[in-house]
Amino acid sequence: QVQLVESGGGLVQAGGSLRLSCAASGRTFSNYDMAWFRQAPGKERVFVASITWSGGSLSYADSVKGRFTISRDNAKSTLYLQMNSLKPEDTAVYYCAAKFKISREYNYWGQGTRVTVSS
């Protein structure tokens, strides 16, 4: 089992920045691809960004490209999401997720951290 704990959410004004963290435990972090998803009020959870186990491949949703940066520190077993130029539409609960590097689906999830962007 992999345990994931997000932190770093909060209230920020439009145009501001936040850095989310996701601390992993229970298994060897460097064996897992990681991702961030988000769920806005009344909407389904959607993909935000992902990073492979080695950090060699990154992927972003079009809505966050150029504003968000995903990264990881395998020595610290921690995933990050740097969010800049935040918009009110970025308001959501942000979840980190993990999948073993040969798996197809993300099957480990954190409890989420809330981000609220005021206009």
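Predicted model: local features only at pLDDT ≥ 70, side-chain atom pairs only at ≥ 80, totals over all residues.

Me: Which residue meets Asp33 in a salt bridge, and is Asp33 buried or exposed?
Reply: The side chains of Asp33 and Lys99 meet at 2.8 Å, N to O. This pair links distant parts of the chain, with Asp33 in strand β4 and Lys99 in strand β9 (residues 92–100), 66 residues apart. Asp33 has a relative accessible area of 8%, and buried means under 20%. The partner is therefore Lys99, and Asp33 is buried.

Me: Is Asp62 buried or exposed?
Reply: Asp62 forms a salt bridge with Lys65 (3.2 Å, N to O). Its relative accessible area is 65%, and the cut-off for exposed is over 50%. Asp62 is therefore exposed.

Me: Which residues are linked with Arg67 in a network of salt bridges?
Reply: Arg67 and Asp90 meet at 2.7 Å, N to O. Arg67 lies in the loop between β6 (58–60) and β7 (68–73), and Asp90 in the loop between β8 (78–83) and β9, 23 residues apart. Arg67 counts as buried at 11% relative accessibility, and Asp90 is buried at 0%. The network links Arg67 with Arg38 and Asp90.

Me: Which strands each supply at least two residues of the lining of the largest cavity?
Reply: The largest cavity has a volume of about 40 Å³. Its lining divides into 7 nonpolar, 3 polar and 1 charged residues, including Ala24, Ser25, Tyr32 and Met34. The strands that each supply at least two lining residues are β3 (18–25) and β4 (32–39).

Technical notes
Residues numbered from 1 in each chain as written. Heavy atoms only, no water. 1 Å grid on protein atoms, 1.4 Å probe; cavity = no way out; pocket = protein on both sides within 12 Å on 5 of 7 lines; lining within 4 Å. Points joined across faces, edges and corners; volume = space filled by probe spheres on them. Helix = DSSP H or I, 4+ residues; strand = E, 2+ residues; numbered from the N terminus. Nonpolar A, V, L, I, M, F, W, Y, C, P; charged D, E, K, R; others polar. Salt bridge = Lys/Arg side-chain N within 4 Å of Asp/Glu carboxyl O. Buried < 20%, exposed > 50% of the residue type's maximum accessible area, 1.4 Å probe, protein only.
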